[in-house]
Amino acid sequence: MRDDPAVVALVKRAQDGDQRAWDQLVERYAPLVWSVCMRHRLSRADADDVGASVWLRLVEGLEKLREPAALPGWLMTVARNECLRVLRGQSKQVPVEDERLPDTEGAAADEELLRQERFVALRQAFAELPQRCRRLLTMLFADPPKTYTEISGELEIPVGGIGPNRMRCLGTLRKNSALTPFIDGTEG
């Protein structure tokens, strides 16, 4: 295996700038690098970092590689050294318990995201209302609000019919499927 002519040919082609040869080297030896990482029990993220470092080192050192057949051994050595570097770095880290650090930014971001989702759902549900309901609700919640007399005149409905129409429109709005996730069982 050490004198594998296929490996020697691939290394020489990669040294000459053949991208396909480079890709084949990575494809062929990525499992080897990965297995070294797994033997050191690295997390997936750390193993990905080690893999990236190994391939970067190969890019930097490929032209200087005197013995192309030694590439697998070289990769294993570099991978092992990178794994040990990562493990040394982890031993210097002091874990901090999450309870001591309040996640106020995360909670605020979650609240803002939820508020935005509610807003989008409400806009979608409102857009699906019949035009007459959209106009009525817009007038009722306008700033400054319109009087019932003004609304009656514009929509051509009796003043006494505004309240029942408002209830029907709000009922239709609440039943919209876009709002279902945001309405608890007590409101429906």
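**Helices, a pocket and a tryptophan pair**

Trp34 is partly exposed, with a relative accessible area of 31%; the scale used here calls a residue buried under 20% relative accessible area, exposed over 50% and partly exposed in between (1.4 Å probe, protein chains only). This residue lies in helix 2, where helices (H or I, at least four residues) are DSSP runs numbered from the N terminus. The model is a predicted one, in which local features need pLDDT of at least 70, side-chain atom pairs count only at pLDDT 80 or more, and totals for chains, interfaces and linings use all residues. Residues are numbered from 1 along each chain as its sequence is written, and side-chain values use heavy atoms, with hydrogens and water left out.

Not counting residues up to four places away in sequence, Trp34 touches Arg44, Ala47 and Asp48, contact being heavy atoms within 4.5 Å. For one of these, Ala47, 13 residues from Trp34 along the chain, the separation between C-alpha atoms is 6.8 Å.

Helix 2 (residues 19-39) also holds Trp22, whose partner Trp55 sits in helix 3 (residues 44-61), 33 residues apart. The structure has one aromatic pair, and Trp22 and Trp55 form it in an edge-to-face arrangement, 6.4 Å centre to centre with 85 degrees between the planes. By the rule applied, rings of Phe, Tyr and Trp (its six-membered ring) pair if their centres lie within 6.5 Å, with planes under 30 degrees apart counted as stacked, over 60 as edge-to-face and the rest as tilted. Trp22 is buried at a relative accessible area of 16%, and Trp55 counts as buried at 15%.

Next comes helix 7 (residues 148-155), in which Ile151, Ser152 and Leu155 are buried. Seen down the axis of helix 7, the buried residues fall within an arc of 100 degrees, so they line one face of the helix; the arc is taken from the directions from the helix axis to the C-beta atoms. Thr149 and Gly153, on the other side of helix 7, are exposed. The cover over the buried residues of helix 7 includes helix 6 (131-140) and helix 8 (159-174). After helix 7 comes Glu156, with a positive phi near 55 degrees.

The largest pocket has a volume of about 190 Å³. On a 1 Å grid over the protein atoms alone, a pocket is an open set of points where a 1.4 Å probe fits, with protein on both sides within 12 Å along at least five of seven lines, and lining residues have an atom within 4 Å of a point. Its lining is made by Phe119, Leu122, Arg123, Phe126, Leu137, Thr138, Phe141, Leu170 and Leu173. Helix 5 (104-127), helix 6 and helix 8 each supply at least two residues of this lining, and helix 5 gives the largest share, four residues. By type, the lining residues divide into seven nonpolar, one polar and one charged.

The segment after helix 8 contains Asn176 and Ala178. Asn176 counts as buried at 10% relative accessibility, and Ala178 does so at 14%. Leaving aside neighbours within four places in sequence, Asn176 is in contact with Ala125 and Glu128, while Ala178 is in contact with Ala121 and Gln124. The C-alpha atoms of Ala178 and Glu128, 50 residues apart along the chain, are separated by 10.0 Å.

How values were computed
Points joined across faces, edges and corners; volume = space filled by probe spheres on them. Nonpolar A, V, L, I, M, F, W, Y, C, P; charged D, E, K, R; others polar.
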